[in-house]
Amino acid sequence: MKPEHDSIIDIRGLSFFRGDRAIFDDVNISIPRGKVTAIMGPSGTGKTTLLKLIGGQLRPERGQILLEGTDIPKLGRRELFEARERMGMLFQSGALFTDMTVFENVAFPLRVHTALPDDMIRDVVLMKLQAVGLRGARDLMPSELSGGMARRVALARAIALDPDIVMYDEPFTGQDPIAMGVLVNLIRRLNQALGHTSIIVSHDIKETLGIADYIYLLSDGRVIAQGSPEELADIDSEQVRQFMQGLPDGPVPFHFKAPDYHQDLLQEH
Amino acid sequence: MLDILQRLGHKALSRLAAIGRAGQLLLQSLVAAPQPLTMLPLVLKQIYFVGVLSLVIIVVSGGFIGMVLGLQGYTILVDYGSEQAVGQMVALSLVRELAPVVAALLFAGRAGSALTAEIGLMKATEQLASLEMIGVDPLRRIIAPRLWAGFICMPILAIIFAVVGIWGGSLVAVDWLGIYEGSFWANMQQSVDFYDDVVNGIIKAVCFGIVVTWIAVFEGYDCIPTSEGISQATTRTVVYSSLAVLGLDFILTALMFGEL
């Protein structure tokens, strides 16, 4: 069931425990290069933990996390920070630096990692802010931004260094429909325009299915299903259906592609 | 019984682990390859927050403590007809004990709690994690400048405290109670020794500065990143650093003045 395209991240036999509880138990995931890969699953299945493991902020008990062949958990402090320069991460809360303006927030990675002159940094920052539609908000402080705007600024900051991999932690949670639509489009457009690899962790089914090329479904520390959105719809598994239907995703019921309800009920196994 | 022992052991172990983590934090943020050029502006900014903004409370408290010392000293010493010794009393008690200790307690309340809350909030809002993901070590970017700022500011604040206190003492004793100015200052000059008193007082202030800042920064960095966790960490900063200052003061005093 492995995807055929060449992968930028290969997770092999990953196990991670919190206390006695296994968050991941022998998980294998490979992230295809240049595509949008979604990691989905109910809350509490360690989706965010997975991103932290990839970013080297946590270390697994067992298993390998290979970034183009380098095992991330085995890296020393300095090499780890070097590897992180190739990754951008969009945190759930945005995590903007509250003591800097929007402009300085986006400029921050450039200032610490490059020796670019100030006017060039200015150009790059304005280009990134233009991409997320917030060039006009450059002088605002993070406290003056709405939640959706803050997340877009954080996105601009995450792509400031043109990373190879951009990780999105629950990008759609708590967004109004307009901001949500903007973000969905942005993630897709940026992925195409900049050619980086995107990893989205989310439980917002509809939005995620709309932009993902490949999906991993996690539950109870295991991958219970994987495939393209179309393939996933065809998987006939009790667990997968239960996740799709049992999700508290607001009052509007979302129907993942499934056979007709009545037929499904009457269907014999 | 076994249960109690178990819990005690568990508590002791987690305390020990916390001390270990605190040591690790100090080592990793201070020892690992300092970069003076990027560090200097960050340290200066923190000196402003930690030191300059603490000036008001230090100057006002120092003034009042000096005035109280002058008044109390006078009422006691006047019975023995030796009220000229007020200057000596005010200066010695300030320089040796009160300036470093009280300044450190105020510093823990004013700057230490602010450091803990700030770092804790940075942790709760994932700012520290996002620094890490940008490829910047938060220990060097956030923790180290605050540690240095605290180390630098605390002794200076203690010196300011002592100076203002002595001035407050003279205000009460000389200008209000009418002790002869010459004997007030001459007595002080004669009895206060630069090495035994002033330098020892500054050594104390340096030690307290290191301990208070270290506790404050560690509690913030190690806190549980929720609003409750931050409030507990802030409380712990003030309680632990106050206790540490007072306990350490006894030890230092015994070492410095014990043989007298």
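Let me start inside chain B. G209(B) sits in helix α8 of chain B, residues 194-222. Helices here are DSSP runs of H or I with at least four residues, strands are runs of E with at least two, and both are numbered from the N terminus. A word on the ground rules. This is a predicted model, where local features need pLDDT of at least 70, side-chain atom pairs count only at pLDDT 80 or more, and totals for chains, interfaces and linings use all residues. Residues are numbered from 1 along each chain as its sequence is written, chains are lettered from A and ligands numbered from 1 in the order in which they are written, and side-chain values use heavy atoms, with hydrogens and water left out.

Back to G209(B). Buried or exposed? G209(B) has a relative accessible area of 0%, so it counts as buried. The cut-offs: buried is under 20% relative accessible area, exposed is over 50%, and partly exposed is in between, with a 1.4 Å probe and protein chains only. What does G209(B) touch, leaving aside neighbours within four places in sequence? F151(B) and M154(B). Contact means heavy atoms within 4.5 Å. W148(B) is 61 residues from G209(B) in sequence, and their C-alpha atoms are 9.8 Å apart.

Now chain B as a whole. It has nine helices and zero strands. Its C-alpha trace spans about 65 × 55 × 35 Å along the principal axes. Of its 260 residues, 45% count as buried. Take the contacts in chain B between residues at least 6 apart in sequence: 85% of them join residues at least 24 apart.

Next, chain A. Here we have ten helices and ten strands. Buried residues make up 52% of its 269 residues. For contacts in chain A with a separation of 6 or more, 66% come from residues 24 or more positions apart.

A few residues in chain A. N191(A) is in helix α6. Its relative accessible area is 3%, so N191(A) is buried. Not counting residues up to four places away in sequence, N191(A) touches G34(A), K35(A), V36(A), H196(A), T197(A) and S198(A).

I224(A) is in strand β10, residues 222-227. At 21% relative accessible area, I224(A) is partly exposed. I224(A) and G13(A) are 211 residues apart in sequence, and 15 Å apart in space, C-alpha to C-alpha.

Then the backbone angles. Phi of D162(A) is near 50 degrees, a positive value in a residue other than glycine. D162(A) is in the loop between α5 and β7 (165-169) of chain A. With 46% relative accessibility, D162(A) counts as partly exposed. E170(A) also has a positive phi, near 45 degrees, and is likewise a residue other than glycine. Its place is the loop between β7 and α6 (177-194) of chain A. E170(A) has a relative accessible area of 5%, so it is buried.

On to the interface. The area buried between the chains is about 1700 Å². Carbon and sulfur atoms give 56% of that. Buried area is the accessible area, with a 1.4 Å probe, that two parts lose on being put together, summed over both.

There are three salt bridges between chain A and chain B. The rule is a side-chain nitrogen of Lys or Arg within 4 Å of a carboxyl oxygen of Asp or Glu. One of the salt bridges joins R77(A) and D137(B), with the closest N and O atoms 2.8 Å apart.

Last, the cavity. The structure holds one cavity of 30 Å³ or more. A cavity is a set of points, on a 1 Å grid over the protein atoms alone, where a 1.4 Å probe fits but cannot get out, and lining residues have an atom within 4 Å of a point. Points are joined across faces, edges and corners, and a volume is the space filled by probe spheres set on the points. The largest cavity has about 120 Å³ of space.

Which residues line it? From chain A: E85(A), M87(A), G88(A), M89(A), P109(A), R157(A), A158(A), L161(A) and P163(A). From chain B: S130(B), M133(B) and I134(B). Three elements each supply at least two lining residues: β6 (87-90) and α5 (147-158) of chain A, and α5 (127-134) of chain B. By class, the lining has eight nonpolar, two polar and two charged residues. Nonpolar covers Ala, Val, Leu, Ile, Met, Phe, Trp, Tyr, Cys and Pro; charged covers Asp, Glu, Lys and Arg; the others, Gly among them, are polar.

How values were computed: 1 Å grid on protein atoms, 1.4 Å probe; cavity = no way out; pocket = protein on both sides within 12 Å on 5 of 7 lines; lining within 4 Å.
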